[in-house]
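Trainee: Could we go through this model together before I write up my notes?
Mentor: Gladly; let us look at it and take one topic at a time.

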Amino acid sequence: MLTRLGFPLSLLLLAALAALLLALGVGSAQISPGQIMDLLQGEGDALARTMVMELRLPRALSAFAVGGLLAVAGALMQVLLRNPLADPYVLGLSGGASIGALAAMLGGLGGLAISGSAFGGALLSTFLVFGLAHGSGGWTPSRLLLTGVVVAAGWGAVITLMLALSPAERLPGMLYWLMGDLSYSRTPWPPLLLLLATCVVLIPLGRSLNVLARGPQQAAALGVAVRPLEWCIYVTASLLTAAAVTTAGSIGFVGLVVPHILRLLLGNDQRLILPACALAGGTLLVLADTLARTLIAPEQLPVGVITALLGVPTFLFLLYRSR
Amino acid sequence: MSVLATRDLIIDVPGREGGTPLNITIEPGQVWGVLGPNGAGKTTLLHTLAGLQAPRSGSVQLNDSALGQLRRRHVAQRLGLVFQDRQDGFPATVLETALIGRHPYLSPWQMEGADDYARAEAALERLDAAHLRDRLVSTLSGGERQRVAIATVLTQAPNVWLADEPTNHLDLHHQSAVMALMAEQAAAGYAVMMCLHDLNLAARWCDHVLLMYPNGDACWGPRETMLVPSALESLYRQKLAVVEVDGAPVFVPIKA
C-alpha cells in the first residue's frame with residue numbers, strides 16, 4: 001500500500017527537483033548543475049551566487065508554489081462540485097482578484113498594494129458567490145457552479161471595461177498581470193508554506209474526500225460529516241487560489257488540467273492525487289516559467305500562455321488514449 | 001446488537017399533511033418489509049431512519065439515543081444503507097468501491113490494511129462479484145452494480161441493515177441469493193428493514209411488514225396479519241389472486 005503511494009510520489013518529487021535545477025541553471029548565463037550545488041552550499045562565484053540565490057531561486061520557488069496551489073485547489077473543487085470541469089477559477093475567484101489588482105494599478109499603486117488588493121478581491125468574490133448560491137435554501141453543487149460561472153462572466157465584463165478606460169501607458173502591465181506573471185512575486189515563502197501546510201492537513205482527510213466524491217448521501221451513510229467537510233474544502237480551495245493569484249496573477253489551466261492528467265495516470269485516490277497535484281502542478285509551472293523567460297530572452301512571454309501550450313496537447317493526448 | 005426504533009415519527013414528504021405517527025421497533029433478528037405504491041414515502045422513510053433526512057416530527061432512536069445527537073461515524077459503524085440509486089462520481093474499481101465500507105472504522109491517518117482488503121474481498125465473494133474486482137464500476141451491468149452496492153454495505157458490517165429495493169435489477173437467482181443474505185444477517189442477530197415492490201419476496205422472506213399508503217396512513221405488524229389480500233388490494237388499488245406455493249402465499253395481479 002505504501003509503495004502504491006510512495007513510488008509515483010518519489011518519481012514526481014524527482015521530476016520537481018530536476019525542474020527546479022533546470023530553472024536555476026537556464027537563463028542569460030548558463031550554470032551547470034554541479035555549479036548550482038556549489039552555489040547552494042555558499043561557494044563559487046559571487047555574481048553567479050547573487051543571480052541564482054536572489055533572482056532565479058525565489059522566482060522558481062514561487063512558480064512551484066503557485067503551480068502546486070492551483071493544482072491542489074483544482075482537485076479539491078472537482079471533488080466538492082463533483083464536476084470534472086471545475087477549476088480554481090470557475091467560482092469567479094480570479095475575476096475578483098483581477099478586479100482588485102487592476103483597480104490598484106489604475107490607482108497608480110504598486111507592489112504590495114496590488115497583491116493585497118488582489119487577495120481582497122478574490123475573497124470578496126468567494127463570499128459573494130457563496131452567499132448568492134446559498135440563497136434562501138441551501139447550496140447544491142450545480143447551483144454553486146452556475147452562480148460562480150455567472151459571477152465570473154460579470155467580472156470579465158468589468159475587466160474589459162477597466163482595460164478600455166485605462167490610460168495606454170498602464171495597459172501592458174495590466175495585460176501581463178491578467179495573463180499571469182511571476183516577475184511580480186517577491187518572496188516565495190508564504191505560498192510555499194501554505195502549500196506544505198495544506199498538504200499535511202489534507203492527507204488525513206483524503207479518504208473522506210474519496211467517499212464524498214461518491215455523493216453526499218453515500219458519504220453521510222458511511223460516517224462523513226458532509227457539511228463541515230464541504231465547508232472546509234470550499235474555504236481551503238478559495239484560500240489557495242487567492243494566494244496563488246496574488247503571487248502570480250491569473251494563470252489558467254493548471255488547476256483544470258493537472259488533476260485530470262494525474263487522475264488518468266494514477267486513479268482517483270485523493271490521498272495520492274492531492275500531494276501528486278502539489279508536485280506536478282509545481283513542476284509544470286516551473287518549467288513553463290523557465291520557458292517563458294528564456295524563449296525570446298531578454299523579452300518575457302506570459303507564463304499562462306506556456307502552461308496552456310504545454311498542457312493542452314498533453315491532456316488531449318492522454319484523454320484520447322484513455323478508455 | 002443494535003435496536004432501531006421510531007417515536008411518533010412522521011416523515012417529511014413534500015405536499016403531504018401529517019399521516020400515521022410511526023412507533024416501530026426493529027429488533028435484532030427481525031426482517032421487516034416496507035410495502036407501498038410509488039410515492040408512498042418508502043425511500044424517505046429509510047433515509048429518515050438512517051439520519052440522512054430530518055423527520056417532520058418525532059424522532060428515530062438508535063439504542064435509545066436520538067439519531068440526530070450521534071456522530072455520523074458512530075452511526076455508520078452500526079447502521080448501513082443500500083441506496084436505490086447511486087451516483088458514480090469519479091471512476092473507481094469494484095474492489096475500491098467495496099473497500100469504502102471500511103471507512104467508518106479507520107482513523108484519518110490509517111490506510112486500509114490486509115484485514116480490510118480481506119473483508120471487502122469476502123463480501124464481493126459472497127455477492128458473487130469477486131471476479132469483477134478490477135473492473136470499473138461504470139462498466140458493469142445494472143444487476144452487477146447492485147450486487148457491488150450490497151457488498152459495500154456487507155463490508156461495512158452494520159448491525160442494522162436498511163435496504164432500498166435491494167433486488168432492483170437482479171435476475172431471479174440473485175434476487176433469491178440477496179434475500180437469503182438478508183435472512184442470514186437476521187439469523188446472525190442483525191436487524192433488517194427493506195423496501196420491496198415484490199409482494200412475493202416479502203411473503204417469503206420477511207417476518208414483519210409495514211404498509212405505507214400514499215396519503216400518509218400506515219399499519220404494521222407480523223407478516224401474517226399484514227399480507228391479507230383485501231388490505232393489499234386497497235394498498236395497490238389492484239385486484240390480486242392468491243395461490244400457495246411451497247408453503248408461502250403468492251400474489252398475482254389479475255385483470256379487474
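Mentor: Helix H13 of chain A (residues 270-294) has 25 residues, which at 1.5 Å a residue should span 36 Å, and its end C-alpha atoms lie 35 Å apart, which agrees. The expected span is 1.5 Å times one less than the number of residues, and helices (H or I, at least four residues) and strands (E, at least two) are DSSP runs numbered from the N terminus. This is a predicted model, in which local features need pLDDT of at least 70, side-chain atom pairs count only at pLDDT 80 or more, and totals for chains, interfaces and linings use all residues. Residues are numbered from 1 along each chain as its sequence is written, while chains are lettered from A and ligands numbered from 1 in the order in which they are written.

Trainee: Where does H13(A) bend?
Mentor: H13(A) bends at Cys277(A), by about 25 degrees, taken as the angle between axes fitted to the seven residues ending there and the seven starting there.

Trainee: And how many of the residues of H13(A) are buried?
Mentor: 23 of the 25 are buried, so H13(A) is largely enclosed by the rest of the structure. Buried means that 20 or more other C-beta atoms, placed from the backbone, lie within 10 Å of the residue's own, exposed means 12 or fewer, and partly exposed is in between.

Trainee: Which residues touch the most other members of the largest nonpolar core?
Mentor: Leu69(A), Cys277(A) and Met182(B) do, in a core of 173 residues; such a core is a set of buried Ala, Val, Leu, Ile, Met, Phe, Trp, Tyr and Cys residues joined through C-beta atoms within 7 Å. Helix H3 of chain A (residues 46-81) gives the most to this core, with 18 residues.

Trainee: Changing topic, is Gly135(A) buried or exposed?
Mentor: Gly135(A) is exposed, because 10 other C-beta atoms lie within 10 Å, and its place is the loop between helices H5 (112-134) and H6 (141-165) of chain A.

Trainee: What about chain B, which helices and strands does it have?
Mentor: Chain B has nine helices and twelve strands. Buried residues make up 43% of its 256 residues.

Trainee: How many residues of chain B are in contact with chain A?
Mentor: 21 residues of chain B are in contact with 20 of chain A, where contact means C-beta atoms, placed from the backbone, within 7 Å. On the chain B side, helix H2 (residues 72-76) gives the most, with four residues.

Note on methods: Two residues are in contact if their C-beta atoms, placed from the backbone, lie within 7 Å.
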